[in-house]
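This report walks through one protein chain, from its overall build to individual residues. Please keep the model open while reading.

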Amino acid sequence: MAWVEGRVLERIEWTPTLFSLRVAAELAPYKAGQFTKLALEQGDRRVQRAYSFVNPPSAPYHEFYFVEIPDGELTPSLGSLQAGDSLLVQSLATGFLTLDEVPAGRDLWLLSTGTAIGPFLSMLADGEAFARFENLVLVHGVRKGEELSYRELIVGFAARHGERFRYVPFVSREEWPEAMAGRIPAAIADGRLQARVGLEFAPELSQVLICGNPAMVKETQQTLLSLGLAKNLRRAPGNISAENYW
């Protein structure tokens, strides 16, 4: 696949290890929820990794959300980039965690951990989700409260869409105002999440998108299957669509 040169427009620092980059680059059209690859030349090597778009496709820039891994091959170098610096971007996006792959329903649940909230922010900002579903629930699990990024954007969704939009943060390693404690799969299994938002998981009503670390994705899927939901396949439409983000 073809690579193009991108230019950093802005670096946004959320915490010492979480940051976002807004990038200018001439890319092929893409859908909310998709991802592309970013790369830097390091000596005679091109180090590349896949990252989802945080921005809606209509935005005049491409935004990516990162956790810096201290001994990682790429994120420390990406984290040092500033406005005006260049990087490589794969011009053609990919990925099937998109709304055109999701069957009809009344409620759309977006369950994420860490930086995997990115593709869901893209979907919500794009607007199609609010046109298709009556209720939208964004769930974001993190370890520490300071990692609950993009709050201004999320507050904007709530302001525009009122009670149709629910946001539920989870913080697993400390108490945090307004956040639920523990992990997302456990809160689904014991009904705490459903009680918090006032909605149930039901095959005839619910579409669920899951994006996060593989263990969370697997456990959440198993929990939802036990409640009667089914995996969404092209040959057999269901309720659960998932993508590992690691």
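## Overall build

Of the contacts in the chain with a separation of 6 or more, 70% join residues 24 or more positions apart; contact means heavy atoms within 4.5 Å. This is a predicted model, in which local features need pLDDT of at least 70 and side-chain atom pairs count only at pLDDT 80 or more, while totals for chains, interfaces and linings use all residues. Residues are numbered from 1 along each chain as its sequence is written, and side-chain values use heavy atoms, with hydrogens and water left out.

The chain has seven helices and 12 strands. These are DSSP runs numbered from the N terminus: helices are H or I with at least four residues, strands E with at least two. The radius of gyration is 18 Å, close to the 18 Å from the globule rule for 246 residues, so the chain is as compact as a globular protein of that length. The radius is taken over C-alpha atoms, and the rule is 2.2 Å times the number of residues to the power 0.38. Along the principal axes, the C-alpha atoms fill a box of roughly 50 × 40 × 35 Å.

## Surface and charge

Buried residues are 50% of the 246 in the chain. Buried means under 20% relative accessible area, exposed over 50%, and partly exposed in between, with a 1.4 Å probe and protein chains only. The chain exposes about 11500 Å², and carbon and sulfur atoms supply 51% of that area. Areas come from the Shrake-Rupley method with a 1.4 Å probe; for residues, only the protein chains shown count as cover.

There are 24 positive and 29 negative side chains, and the centres of the two sets lie 4 Å apart. Lys and Arg count as positive, Asp and Glu as negative; His and the chain ends are not counted. Each charge is placed at NZ of Lys, CZ of Arg, CG of Asp or CD of Glu.

## Aromatic pairs

The structure holds 11 aromatic pairs. Rings of Phe, Tyr and Trp (its six-membered ring) pair if their centres lie within 6.5 Å; planes under 30 degrees apart are stacked, over 60 edge-to-face, and the rest tilted. Tyr51 and Phe66 have ring centres 4.7 Å apart and planes at 65°, so this pair is edge-to-face. Tyr51 sits in strand β4 (residues 45-52) and Phe66 in strand β5 (residues 62-67), so the pair ties together parts 15 residues apart in sequence. Both residues are buried.

Tyr65 and Tyr150 also pair edge-to-face, at 5.3 Å centre to centre and 85° between the planes. Tyr65 lies in strand β5 and Tyr150 in the loop between β8 (135-142) and α4 (151-161), so parts 85 residues apart in sequence are tied together. Tyr65 is buried at 2% relative accessible area, and Tyr150 is buried at 6%. Trp14, Tyr65 and Tyr150 form one aromatic cluster.

## Helix α2

Helix α2 (residues 118-126) is mostly covered, with seven of its nine residues buried. Among them are Phe120, Leu121 and Met123. Gly127 follows α2 and has a positive phi, near 100°.

Ser122 belongs to α2 and is buried, with a relative accessible area of 0%. Beyond its neighbours within four places in sequence, Ser122 contacts Ala32, Gly33, Phe53, Val54, Asn55, Pro56 and Pro57.

## Val102

Val102 is in the loop between β6 (86-90) and β7 (107-113). At 6% relative accessibility, Val102 is buried. Its C-alpha atom is 8.2 Å from that of Pro237, 135 residues away along the chain. Not counting residues up to four places away in sequence, Val102 touches Arg132, Phe133, Gln207, Leu209, Asn232 and Ser241.
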